[in-house]
Amino acid sequence: MKIIGVNGSPKKSNSTTGFALERALKLIEDQGLSTQQINLGDYNFSGCIDCGKCRNSLTCSINDDFTNKILPLLADSEIKGFLFASPVYFGGITGQLKSFFDRCVVFRRNGFMFEHMVAGGLTVGRSRNGGQELATMDIVRSCLIQGMIIVPDSSPTSHFGANLWSGHPDSIENDEAGLATLDNLAKNIAGIVKKLNL
Ligand SMILES: Cc1cc2nc3c(=O)[nH]c(=O)nc-3n(C[C@H](O)[C@H](O)[C@H](O)COP(=O)(O)O)c2cc1C
């Protein structure tokens, strides 16, 4: 049982979203599941161009890192869930994560390969109320269209997922309220995957 964490930050290092995602994946591993983190900042890829090639097979006409590196990685039958993480950009997810979601249409068109997988959203904004929940809804929309099972952060926080504040005066590592949502989301993703025995 593997959970994939996708970091939508374009940064190659010192990503606050990456810090949060790593913590969540560690907690998921503590529950006995394996994890793998994909940092979109390490890859060069564009958005979908709607050429239609993927209607016929699990391929993409664009010769870039999504097709050559990310697509094969996501076609792993051990994957049972995802944790999608993004910095908040203008109240939504980053362009990188949006492009990732659009390119994932190849999995929808080839047997809904992500259907019934568990998915959660994690967002990090510089402002305390900078659109973290709105960005989470961007993630939720894409996951629903893939037929995935959306999970919230579990009790006692239980709302829309993990929403953190990188502008905390003492750094994101001291955003106790945000970290509580993250810890509860990680616990819930692992718990539901195990309960459903996917
Ligand atoms: C283009 C751009 C737009 C941003 N828009 C928002 C925003 O709407 N709300 C917010 O709280 N932070 C916003 N930020 C700040 C980032 O969300 C914040 O710095 C975040 O911690 C960056 O995550 P990273 O370190 O993982 O890249 C924006 C940053 C950039 C570069």
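Visitor: What should I know before we start?
Guide: Residues are numbered from 1 along each chain as its sequence is written. In this predicted model, local features need pLDDT of at least 70 and side-chain atom pairs count only at pLDDT 80 or more, while totals for chains, interfaces and linings use all residues; side-chain values use heavy atoms, with hydrogens and water left out.

Visitor: Which residues of helix 1 are buried?
Guide: They are T17, G18, A20, L21, A24, L25 and I28; buried means under 20% relative accessible area, with a 1.4 Å probe and protein chains only. A helix here is a DSSP run of H or I with at least four residues, and a strand is a run of E with at least two, numbered from the N terminus.

Visitor: Where do they fall, seen down the axis?
Guide: The buried residues of helix 1 fall within an arc of 160 degrees, so they line one face of the helix. The arc is taken from the directions from the helix axis to the C-beta atoms.

Visitor: And what do those buried residues pack against?
Guide: Their partners include strand 1 (2–7), strand 3 (79–87) and helix 6 (176–196), where contact means heavy atoms within 4.5 Å.

Visitor: What follows helix 1?
Guide: Helix 1 is followed by G32, whose phi is positive, near 95 degrees.

Visitor: New topic: how many disulfides are there?
Guide: The count comes to zero, a disulfide being a pair of cysteine sulfur atoms within 2.5 Å. For C60, the nearest cysteine sulfur, that of C51, is 6.1 Å away. For C104, the nearest is that of C143, 9.4 Å away.

Visitor: Is C104 buried or exposed?
Guide: C104 counts as buried, because its relative accessibility is 1%.

Terms used
Buried < 20%, exposed > 50% of the residue type's maximum accessible area, 1.4 Å probe, protein only.
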